[in-house]
Amino acid sequence: MEISFSFTSKFKIPVFILILTGMATIGYSIFVLHDHGERFWANFLLNNVFAIVISLCGLVFIAIHNLGNSGWQVAIQRIPEAVSMYLPFGSILMFIIVISMCFDANHLYHWVHPEGDVILEMKKGYLNVPFFSIRTLIYLAGWTFMAIWLRKVSLKNDRDNDIKYYRKSITISAIFIVFFAITSSMAAWDWIMSLEPHWFSTLFGWYVFSGLLVSGVAVITLITVLLKKTGYMPQVSKEHLHDLGKYLFAFSILWAYLWFSQYMLIWYGNIPEETVYFIERLKGFNTLFFINLFINFGFPFLALMTRNSKRVPIILALVSIVVLIGHWLDFYLLVMPGTLGENAQIGFVEIGMTLGFMGFFLFIVFTALSHANLIPVNHPYLKESLEYHTQY
Amino acid sequence: MYVSPVRELLIKGDKNYKKVTNDITKPIVNKPGKLWFLGVSVTSLAAIIGLFAMFITVRDGIGMWGVNKTVGWGWSITNLVWWIGIGHAGTFISAILLLFRQKWRTSINRSAEAMTIFAVMCAGIFPLIHMGRLPLGYFILPYPSTRQLWVNFNSPLLWDVFAISTYFLVSLLFWYMGLLPDIATLRDNVKNKILKPVYKFLSFGWTGSVRHWSRHESMSLILAGLAAPLVLSVHSIVSFDFATSIIPGWHTTIFPPYFVSGAIFSGFAMVLTLMIVARKTMNLTEYITVGHIESMNKIIITTGSIVGIAYITELFMAWYSGVIYERFTFYNRALGPYAWAYWIMMTCNVISPQLLWIRKLRRSILFTFILSIFINIGMWFERFVIVVTSLHRDYLPSSWQMYKPTLTEIAIFAGSLGIFFTLFLLFIRFFPVIAIAEVKSILKSSGEKQVNITQNLLENE
Amino acid sequence: MNKNKYLKAYYDDDGLLIKGLKSLKKEGVEILDVLTPFPVHDIDKILGYRRSWIARVGFIGGAVGAVIGFGFQVWVFTVDYPLNIGGKPFLAVPSFIPVTFEMTVLCAAFAMVFAFLIRSKIGPGAEPFIHDERSTDDRFLILVGVGKNATEETVSELKNKISNTGAQGIVLKDDVELSKNY
């Protein structure tokens, strides 16, 4: 049962075209646009955080299934594993932002200069460059370390059939989930919420987490369908796709639930400190604001409601693509009003840089996939996963 | 379907279908023991005391309680939220765990659902009597009245009316539809001349035809799909009662998911408390095994930790927001006059469940039982802390007040416990505590003796 | 034999039942009904039943509930009796979502349960004919159609076929009892 993925030119050429497009756009945005690189930094932050979030979902996916003693996902387990391998590279890119911040080379975060702002002076104990850098380092180092550790244990099990590796991966998963539960919220506050440092919402971290689940599952689904269509994953059946589809459906509803909870409570309370956040978005980003809701909730809800649409690979892939675009838009709405404000637009730079990041992300994921057997042959639940069929 | 040998088996002992039926229907077919009568007399006495206290409240007015102008919501709303929370485990187990294909739920879902229904009934008592004029309770419904005025759809309290009654009705449907095949089993097994026709009526004419089963399964799944977001919505809407206001400590966006998590946390604690007793006294230890208890403990630690993170998030955001009122409220919670309640809450809900990371304790029945009672207490105090500490220090220091419950309030709470346990004792006497049909359907894949036979058959083929 | 008659038999194991049903189906035996104490998967597929349409009833019920729930609130607060509540707009959409959601779930659930009860012809007061008291316990009953023009010979041939699959207690019955259930 050895199936290995070869990263051939069929995959390599499109990936390189994407990377080149991204490089060209970055060059354009730095050297041609005269805005002190503001647009470049905002897009860089947006895309890199989005990619880290997706990659992190790969790790969360494995950890949760390990802890839940789940068996069905074993047939596709190598895909989330590969997705999580972007973490070290995303961390390095994130540190470009942090380092440039230390040298005051980007103007993403206003709280870097709190002088004269009473509220920001109050928050100085938390929002300051050294502490921010240390926190970012802890999050990224922790996640990267555990992603590599988990992957290593899983690959070792391929060569050495022993239940101890499975037991060990459960322990790692438990450690990771505890670490993640704390750091994911904090990272969301630090990296995204503090772009508008006056505003606060306790739900914010969990809201970003629900977006993480949707976009991560969408990417895992897309890669699964791609590999199945190209013949690399004969072990994946409609049942596995059905489950991924159910996740996509349920997490989209979860996202909508959290979106509504946050919006409704702020709208209802009508306190100026809080409503400012949504007023900004409803004024400058009105169309996107409502498109965001439809594309991330209405569309997947209606499209994935029937049993069939979750079982037909093409429909599932199409919905995943739309939802992925939707969550990129959601991130756009999270990041842009606080950074570029009125100057924000979706133009050549935004699309080009997103494609570039996509290329880079796929390059790393495909490389990781080609380095290991596509089936974790010695996983104790592999047989369950291969024979898996369900009534619902 | 193939089941990996790594998995822990769910049904112990040498069982077959006949034995499953007999084991589970035994308490119903046989005469009840002394212990049962003793239990019912104690709980119904408590219920009667509670009903009397309610009567006093309705006759003399809310002045019989300790609530005042500043702290308008005291024990009553605390109890409402606590009971609703307890009512979340049943539907969580039967709906969400069904969707997640957790087989261990089959041994506990029926009784947990019954607890849901009884807990929601107990919860419903409190807002009704808190309104003061019980006979005018129907004012909360949108009906065309001579006042020509409709109810206020902008009010979260009205959303509660819809949410709780929907939750009650849908849980009841879900529970009863699942119970149908088991009632039919009782109908065919009970010899008692009075009970047999009753079960016959209640079984709705269920025969176990494959056509019925096929529809029944489709329906159960979609009902589960509907009930899953319903579980989330109910406690979210209860949390809206607080969070839509602009009272510091109440107005925070994390409330909906955090309340849901807390509800499941406390619900599982109550399920554990009752089932640990029931499995022993009703000889069901082979169906509700240590493995089941461990699985429930895992959910306890997950939801408990989520609640813990929410506490800390709130605390941090109160500081981060820079709003002086928020900062004061949380400072006051931890160090003010009600600090004792806050620290009981913290100890019971955040610290004590962390002990479950140790596998030995997770699988210890005695420890789990004690812990589950701790959590029940802790979750009651959580609601008390939220309700009272946020209210007793108003924006204006001149209206600062303390709140102390009166005997009437305490009696009503004790009465609600009495009602709950009486109903539960009646349930275990007349209905199967464990879903017979569902346990039979997993017997071959997860029963101790059966698995070996099935495995051999598969290999021979 | 003029009357419609049928044969009743039972298996004591669900694995045996599935095997038996498969082979009987292959031989073209008409299976009227199967009664089991718990849902045995795949029988409906073997017998060629279609997937239940109950999901669609649920969807329609839910859609109706959503429209009624949302529409009623909008009508009350914009047309019938607009009230200024806390300075909120009359058409306060976020406020209307919770009740709309609850109404959706409520109507969907009730629609499905009623559809299920009506379609299955069960409900309070239904008088089923009980073929075997142990069919809700540990027996897996099958009811096999004999056909109008069956002679004694064909019946005994059928009986042989059934008993070859491992079934026990094969009895010939009149149709009167069976039609009561459907």
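Student: Which helices do the buried residues of helix 4 of chain A pack against?

Tutor: This is a predicted model: local features need pLDDT of at least 70, side-chain atom pairs count only at pLDDT 80 or more, and totals for chains, interfaces and linings use all residues. Residues are numbered from 1 along each chain as its sequence is written, while chains are lettered from A and ligands numbered from 1 in the order in which they are written. Helices (H or I, at least four residues) and strands (E, at least two) are DSSP runs, numbered from the N terminus. The partners, taken by contact (C-beta atoms, placed from the backbone, within 7 Å), are helix 2 (38-67) and helix 6 (129-159) of chain A.

Student: Which residues of helix 4 of chain A are buried?

Tutor: A residue is buried if 20 or more other C-beta atoms lie within 10 Å of its own, exposed if 12 or fewer, and partly exposed in between, with C-beta atoms placed from the backbone. By that count, the buried residues are L87(A), G90(A), M94(A) and M101(A).

Student: How far apart are the end C-alpha atoms of helix 4 of chain A?

Tutor: The expected span is 1.5 Å times one less than the number of residues. For the 16 residues 87-102, that should give 22 Å, and the model agrees, with the end C-alpha atoms apart by 22 Å.

Student: In what order do the strands of the open sheet of chain C run?

Tutor: Strands pair if DSSP finds at least two bridges between them. Strand 2 and strand 4 (168-174) each pair on one side only, as edge strands. The 4 strands pair antiparallel, in the order 2-3-1-4.

Student: Which residue of strand 3 of chain C stands opposite A9(C)?

Tutor: Strand 1 and strand 3 of chain C are joined by 6 bridges, and strand 2 and strand 3 by 4. Opposite A9(C) is I142(C).

Student: How many residues of strand 3 of chain C are buried?

Tutor: Helix 1 (residues 14-26) of chain C lies across strand 1 (5-11), strand 2 and strand 3. Strand 3 is mostly covered, and of its 6 residues the buried number is 5.

Student: Which element gives the largest share of the side of chain C that touches chain B?

Tutor: Here 53 residues of chain C are in contact with 50 residues of chain B. The elements giving two or more residues to this side of chain C are strand 2 (31-35), helix 2 (43-46), helix 3 (54-80) and helix 4 (93-119). The largest share, 14 residues, comes from helix 4 of chain C.

Key:
Contact = placed C-beta atoms within 7 Å. Axes fitted to C-alpha atoms, helices over the stretch in contact; angles between N-to-C directions.
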